[in-house]
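Me: I have a structure to go through with you. Can we start with how far to trust it?

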Amino acid sequence: MQLWNTFSKEELEQKLREAGHEFVTISFYKYAKIANPQIFRDYLYQLLDNCQVVGRIYVAHEGINAQISVPTARLNDFRTELYSIDFLDGVRLNIAVEEEGAEFPFLKLKVKVRNKILADGLNDETFDVTNIGKHLKAEEFNALTQDPDTILIDFRNHYEHEVGHFKGAILPDVDTFRESLPIIEETYLKGNEDKNIVMYCTGGIRCEKASAWFKHRGFKNVHQLEGGIIKYANECKEKGLENRFVGKNFVFDERRGERITDDIVS
């Protein structure tokens, strides 16, 4: 039974070319309580490998975080198999805005067990990561972020928002998510407890944990952009909404970035 990759990079590239698949790049995450991450990891590897999925997935007691490429011919099979897992039934799949930038965004399937799916530096046993803020769809996001009583915060690292960000957003100079939580609370949120707090990130995983943390810290009006920049861009295109993002969306695969608008920010 194969539960990991054993091929070199060159062999993997050759195998993908010979298979001749067209791929769609997908990301998804889910905060949930997983009792035995290792057993779940092994089961998930077999399930995805059977669908010829490649990509990078992290599993922990707090949930799952995935960035993958799925053969378009196996997309329905993949969705059916994924949704057969109870806590992932109906989970939102963020489809890449564009596929340009790399021949293969991922070469192999990697499923790893970690302490957390998103390192946060927190050690508060009373913190419930599933008690999240309100999700905003693109139209709701556009309306609320134009309210003068709203604080819009980019929850990505500085090198990500330097190539693209939302108009009017606060862009903290941080290197990691774990350092952003105390800096943003102390610098931007303290004294603004009555304002609308709206956060965004690439696909939603960072601002979802941040929204739960700031609710835990006592902030009331906490919101996040549902599905992050990826879903927002797709939703604006589908519904003909104003796209308030300028530049490129930094991504953590071989594409490096996907163009949202033609603006050159950095």
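Me: What is the mean pLDDT of the chain?
Reply: This is a predicted model, with local features needing pLDDT of at least 70 and side-chain atom pairs counting only at 80 or more, while totals for chains, interfaces and linings use all residues. The mean pLDDT (the predictor's confidence in each residue, from 0 to 100) is 87, and 86% of the residues reach 70 or more.

Me: Where is confidence lowest?
Reply: In strand β12 (residues 257-259), at a mean of 49. Helix α4 (residues 138-144) has the highest, at 97. Where pLDDT is low, the predicted coordinates should not be read in detail.

Me: Numbering and atoms?
Reply: Residues are numbered from 1 along each chain as its sequence is written, and side-chain values use heavy atoms, without hydrogens and water.

Me: How many helices and strands?
Reply: Eight helices and 12 strands, taken as DSSP runs (H or I, at least four residues; E, at least two) numbered from the N terminus.

Me: How much of the chain is buried?
Reply: Buried residues (under 20% relative accessible area, 1.4 Å probe, protein chains only) make up 51% of the 266 residues.

Me: Now α6 and α7. At what angle do they pack?
Reply: Helix α6 (residues 177-189) and helix α7 (residues 205-216) pack at about 50°, with axes 11 Å apart. Axes are lines fitted to C-alpha atoms over the stretch in contact, and angles run from 0 to 180 degrees between N-to-C directions.

Me: Which residues make the contact?
Reply: With contact meaning heavy atoms within 4.5 Å, α6 uses Phe 177, Leu 181, Ile 184, Glu 185 and Leu 189, and α7 uses Arg 206, Lys 209, Ala 210, Trp 213 and Phe 214.

Notes
Buried means under 20% relative accessible area, exposed over 50%, partly exposed in between (1.4 Å probe, protein chains only).
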